[in-house]
Amino acid sequence: MEPEKIKRMESASNASIPLKRIAYFLCILSVLLLTEGKKPTKPKCPALCTCTKDNALCENARSIPRSVPPDVISLSFVRSGFTEILEGSFILTPSLQLLLFTSNSFDVISDDAFTGLPHLEYLSLANNNLQTLPKDIFKGLDSLTNVDLRGNSFNCDCKLKWLVEWLDTTNATVEEIYCENPPEYKKRKIRSLSSKDFDCIITEFAASQLLPYQSLSIDTFTYMNDEYVVIAQPFTGKCIFLEWDHVEKTFRNYDNITGTSTVVCKPIVIETQLYVIVAQLFGGSHIYKRDSFANKFIKIQDIEILKIRKPNDIETFKIENNWYFVVADSSKAGFTTVYKWNGNGFYSHQSLHQWYRDTDVEYLEIARTPQTIRTPHLILSSSSQRPVIYQWNKSTKLFTNQTDIPNMEDVYAVKHFTVKGDVYICLTRFIGDSKVMKWGGSSFVDVQRMPSRGSMVFQPLQINNYQYAILGSDYSFTQVYNWDAEKAKFVKFQELNIQAPRSFTHVSINKHNFLFASSFKGRTQIYTHVIVDLSA
């Protein structure tokens, strides 16, 4: 191309740039001139709504309009096509003073459905077939003076407990409303109910941790201001000690005592010293002491093998500031024996029930008459006769034979609990029904029977204000019962799947409550006691 022609083209191109800019600015200027003095467009009356100066009535509306004319302070919905009032549905209409819903049918009303309405004075949800209301439905409605909830079918359960409490505290005028359900509250004024009419707290045992070994006895104890758990492992022969890991929020190994065919590891803390009675089927039974300087357990004493041949259970107790423990012996030639602490060790204090093959021993305190104080007693369970009750003789400092529990052959174990000062016992039977009995002043009387084929543990335990009894079975699910105060007996509460359970122990650490479940054929399980408020 010729040089002269190229120069002419470059010159023409450079001249076109300012022309384009001028045209752009002229376009912007014309738009500004056309819109000058015009006000923003006001929101129109929504579809399917009829609007007057300050009122909007929406009939058969398919949704809640996002905006309404700014002068509207009253908004009504009749026979709407929507079934949900979602969170923040009126956030763009903050000037509303009256809001009415009539002849609708709502599936969901969110907690914050009416948030952002600081000027709302009147709210009607009458005749909308409502069965319940969300707890925070009136939250933030500080200007509310009138509420109409009539014509609904309210289910007065725990989800509506908050409404009963709100009616007692609100300054708004609320027309009288009634319960439709449950049947015992039908047609009753909701305002006449109180918080005490709602039983909204439920509990359950939730699986928390699984320990990879079988176990028999499980005990808990406090030592040096810390809580520990000790588990007897029959196949490894160990007493495994666990402590709570405050970081990981689980139980971890702390220490162990190694033995042979261990069946019971019973801790006893005397003053500040920890001792552990280790009962074994072979190799004799022994007593260990925790050496705080060496930070380990040291064997300090053997338990006489001629008396304790086949230990099956151990109970520790304190009478008149003296510490004792008793070992139930299940051999044909053994003696169930009471041992007493003498300041240096434990010595044989009294032999009981020789040659009866005792399987369990329980220490409890009961009164022979309502006017007398409670005195120490032992109940021995045996495979060869009915449970025998021994009473402590204050003069001789010995247990004396008193009576047995009639019509209760083949009882494997007896464990006690108290309710409002009354003493009860749970009697475990492998064949036949297990029982709950109540102390009547001179004997135990029947309260309740539980089917219990294959049961070797029926353990009552109390967690906070809840009284439970847990009935294990080798052939079916473990049944957890909860005490019904009105019926004065246990009711079925929960089922747990545990293989061949042998003991259930409550452990409390840092305001957390755990249930340890031993298993002779499977793994040891830990459950957390969970409290749920259904009204929350």
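Close-up 1. L534 is partly exposed because its relative accessibility is 40% (buried means under 20% relative accessible area, exposed over 50%, partly exposed in between; 1.4 Å probe, protein chains only). This is a predicted model: local features need pLDDT of at least 70, side-chain atom pairs count only at pLDDT 80 or more, and totals for chains, interfaces and linings use all residues. Residues are numbered from 1 along each chain as its sequence is written, and side-chain values use heavy atoms, leaving out hydrogens and water. L534 sits in the segment after β39 (524-533). Strands (E, at least two residues) and helices (H or I, at least four) are DSSP runs, numbered from the N terminus. Together with I202 and V532, L534 forms a nonpolar patch of about 210 Å² accessible area. Patch members have over 30% relative accessible area and no salt bridge, with nonpolar side chains (Val, Leu, Ile, Met, Phe, Trp, Tyr) joined within 5 Å. A salt bridge is a side-chain nitrogen of Lys or Arg within 4 Å of a carboxyl oxygen of Asp or Glu. Areas come from the Shrake-Rupley method with a 1.4 Å probe; for residues, only the protein chains shown count as cover.

**Close-up 2. The four-stranded open sheet.** The strand order is β21-β22-β23-β24, with antiparallel pairing. Strands pair if DSSP finds at least two bridges between them. β21 (311-319) and β24 (346-352) are the edge strands, each pairing on one side only. β22 (322-329) and β23 (336-341) share four bridges. V326 stands opposite V338 in β23.

**Close-up 3. E320, between two of these strands.** E320 lies in the loop between β21 and β22. Its phi is positive, about 50°, although E320 is not a glycine. Most residues other than glycine have a negative phi. E320 counts as partly exposed, at 39% relative accessibility.

**Close-up 4. K249 in its loop.** The loop between β15 (238-245) and β16 (250-258) holds K249. K249 also has a positive phi, about 60°, and is not a glycine. At 52% relative accessibility, K249 counts as exposed.

**Close-up 5. The seven-stranded open sheet.** Its order is β1-β2-β3-β5-β7-β8-β10, with mixed pairing. β1 (49-51) and β10 (173-174) each have a single partner strand, so one side of each lacks a neighbour in the sheet. β5 (98-102) and β7 (122-124) pair in the parallel sense over three bridges. L100 has S124 in β7 as its bridge partner.

**Close-up 6. The cis peptide bond at P182.** The bond from N181 to P182 is cis, with omega near -5°. P182 is in the loop between β11 (179-181) and β12 (201-211).

Methods
Patch = residues over 30% accessible without salt bridge, like charges linked within 9 Å, V, L, I, M, F, W, Y side chains within 5 Å.
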